[in-house]
Amino acid sequence: NPILQVRDLCKVYGSSGNQVIALDHVSLTVNRGEFVSIVGPSGSGKSTLLHILGGVDKPTSGSVQVDGVELSTLNESRLAVFRRRQIGLIYQFYNLIPVLTVRENLTLPLLLDHRKAGKGQVQAMAEELGLSDRLNALPGELSGGQQQRVSIGRALLTRPALVLADEPTGNLDTKNSAAIVELLKTFHKKYAQTLILITHDPDIALQAQRLIRIEDGRIVKDEVIRP
Ligand code: ADP
Ligand code: ADP
């Protein structure tokens, strides 16, 4: 079964007289292990779509199934648990907790789930991220690229089936952007995770297997660009 099944998704912001249709009947199926990039002009609905797929925003109508589970059937607390276990979210501005160390930020989703990270598990992740010697640092002591690597580690430590990244390189220079994309691709291959990535950068978009273009809240293009 597909990891993601979206049917007739609509999202309308605002009240009558002042409405913005952010998503206009979006339907989409993504298979397990796919790497999909989403492109489109600013304000076309990309972030709104990703937030709804990640269960952090609610659609006005339509349905989203992640791993066969209809998100609208989960209450808030079950949705929070489902999200922590099944969905990894990566943001443009990292969303790290500034008063927690790198180690604490990495393990936060496990902690919230009343699970404990094995010591080896955190070390192994830190090594993959190239952050072994920074585990006790605070986010503010790290470069942007390093902070984004922490946020990727936090999203992936629980091995979610679905990884959603919203402009993960939007705040980084070319060199750091390339490194972050390589890291995401490495994890995608290694753990066979499904990766959906929003980007403004055409070079990054073209590294995916499938390219979706959104304009005015609609999918206007959806093509496989490599096997
Ligand atoms: P993109 O990610 O492609 O830039 P967004 O999903 O952020 O697009 O926004 C789509 C449309 O919805 C835009 O017109 C934006 O202004 C509007 N929008 C997004 N979030 C909100 C919100 N919380 N309240 C009102 N309008 C919003
Ligand atoms: P992005 O395109 O990277 O999502 P935006 O600037 O469009 O960045 O949105 C940043 C935040 O502001 C999002 O949480 C979005 O929901 C909110 N937002 C965007 N447009 C509006 C709007 N017109 N009214 C209220 N909130 C908005």
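**Exercise 1.** Determine which handedness the crossing of H3 and H5 has, and describe how the two helices are arranged.

*Solution.* In this predicted model, H3 and H5 cross in the right-handed sense, a label used when the near helix is turned clockwise from the far one by less than a right angle. Helix H3 covers residues 102-112, and its axis comes within 7 Å of that of H5, with a crossing angle of roughly 30 degrees; the axes are lines fitted to C-alpha atoms over the stretch in contact, and angles between N-to-C directions run from 0 to 180 degrees. The two helices are therefore roughly parallel to each other, the class for angles under 35 degrees. On the H3 side the contact (heavy atoms within 4.5 Å) is made by Val 102, Asn 105, Leu 106 and Pro 109, and on the H5 side by Val 150, Gly 153 and Arg 154. Sorted by class, these are 4 nonpolar, 2 polar and 1 charged residues, where Gly counts as polar.

The model's local features need pLDDT of at least 70 and side-chain atom pairs pLDDT 80 or more, while totals for chains, interfaces and linings use all residues. Residues are numbered from 1 along each chain as its sequence is written, chains are lettered from A and ligands numbered from 1 in the order written, and side-chain values use heavy atoms, without hydrogens and water.

**Exercise 2.** Characterise the packing of H5 and H6 by angle, handedness and contact residues.

*Solution.* The axes of H5 (residues 144-156) and H6 (residues 174-191) come within 10 Å and cross at roughly 15 degrees. That angle makes H5 roughly parallel to H6. Their crossing is right-handed. H5 contributes Gly 145, Gln 148, Arg 149, Ile 152 and Leu 156, and H6 contributes Asn 176, Ile 180, Leu 183, Leu 184 and Phe 187. The contact comprises 6 nonpolar, 3 polar and 1 charged residues.

Note on methods:
Helices (H or I, at least four residues) and strands (E, at least two) are DSSP runs, numbered from the N terminus. Angles under 35 degrees count as roughly parallel, over 145 as roughly antiparallel, 65 to 115 as roughly perpendicular and the rest as oblique.
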